[in-house]
Amino acid sequence: MTFVDILIKLRKIVRSVNLESKRVEKEQGVSIPQLLCLQYLAEQKDYKTNASKLKEFLNLNASTISGIIVRLEKKGFIAKLPKEADKRVTLISLTD
């Protein structure tokens, strides 16, 4: 297998992932990273976490996580809440 063959196969994989991501977003109304964020929250105690734990789980940078949180909040899937013990900390929580 040559270097070009590997690149072509990688390109096919990337293309397939992009197409599947678009299909999921069209059917579910959320992107794959948003869906993974919701799934992570669903598995957490009290359905809450903070942005840094989401960032670590999804292996994304902070600005990308912020965008995901904003979009999910606008759609009504999550809410940002102050942590009871420390009001400086914001928790991300699933909504009903």
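**Entry 1: the sheet.** I began with strand 2 and strand 3 (residues 90–94), which run antiparallel and are joined by five bridges. A reminder to myself before going further: this is a predicted model.

I then looked up who faces whom in this pair. Ile78 has Leu94 in strand 3 as its bridge partner, and Lys80 stands opposite Ile92 in strand 3.

Next I turned to strand 1. I found two bridges joining strand 1 to strand 3, and these strands also run antiparallel. Here Lys48 stands opposite Ser93 of strand 3.

In what order do the three strands lie in the sheet? I read it as 1-3-2, an open sheet with antiparallel pairing. Strand 1 and strand 2 (78–82) are the edge strands, as each pairs on one side only.

**Entry 2: the helix across the sheet.** Which strands does helix 2 lie across? I noted strand 1, strand 2 and strand 3, with helix 2 running at about 95° to strand 3.

**Entry 3: two phi values.** Most residues other than glycine have a negative phi, so I looked for exceptions and wrote down two.

I placed Tyr47 in the loop between helix 2 (32–42) and strand 1 (48–49). Is Tyr47 exposed or only partly exposed? Its relative accessibility is 47%, so I put Tyr47 down as partly exposed; the cut-off for exposed is over 50%.

Asn59 lies in the loop between helix 3 (51–58) and helix 4 (62–74). I have Asn59 down as exposed, because its relative accessible area is 69%.

**Entry 4: the largest pocket.** I looked up its volume and got about 210 Å³. Which residues line it? My list reads Gln44, Lys45, Asp46, Lys48, Thr49, Asn50, Lys53, Lys83, Val89 and Leu91.

How does that lining divide by class? I noted five charged, three polar and two nonpolar residues.

One link back to Entry 1 pleased me: Lys48 is among the lining residues, and Lys48 is also the residue opposite Ser93 in strand 3.

Terms used. Residues are numbered from 1 along each chain as its sequence is written. This is a predicted model: local features need pLDDT of at least 70, side-chain atom pairs count only at pLDDT 80 or more; totals for chains, interfaces and linings use all residues. Side-chain values use heavy atoms; hydrogens and water are left out. Helices (H or I, at least four residues) and strands (E, at least two) are DSSP runs, numbered from the N terminus. Buried means under 20% relative accessible area, exposed over 50%, partly exposed in between (1.4 Å probe, protein chains only). On a 1 Å grid over the protein atoms alone, a cavity is a set of points where a 1.4 Å probe fits but cannot get out, and a pocket is an open set with protein on both sides within 12 Å along at least five of seven lines; lining residues have an atom within 4 Å of a point. Grid points are joined across faces, edges and corners, and a volume is the space filled by probe spheres set on the points. Ala, Val, Leu, Ile, Met, Phe, Trp, Tyr, Cys and Pro count as nonpolar, Asp, Glu, Lys and Arg as charged, and the others, Gly among them, as polar. Two strands pair if DSSP finds at least two bridges between them. Contact means heavy atoms within 4.5 Å. Axes are lines fitted to C-alpha atoms, for helices over the stretch in contact, and angles run from 0 to 180 degrees between N-to-C directions.
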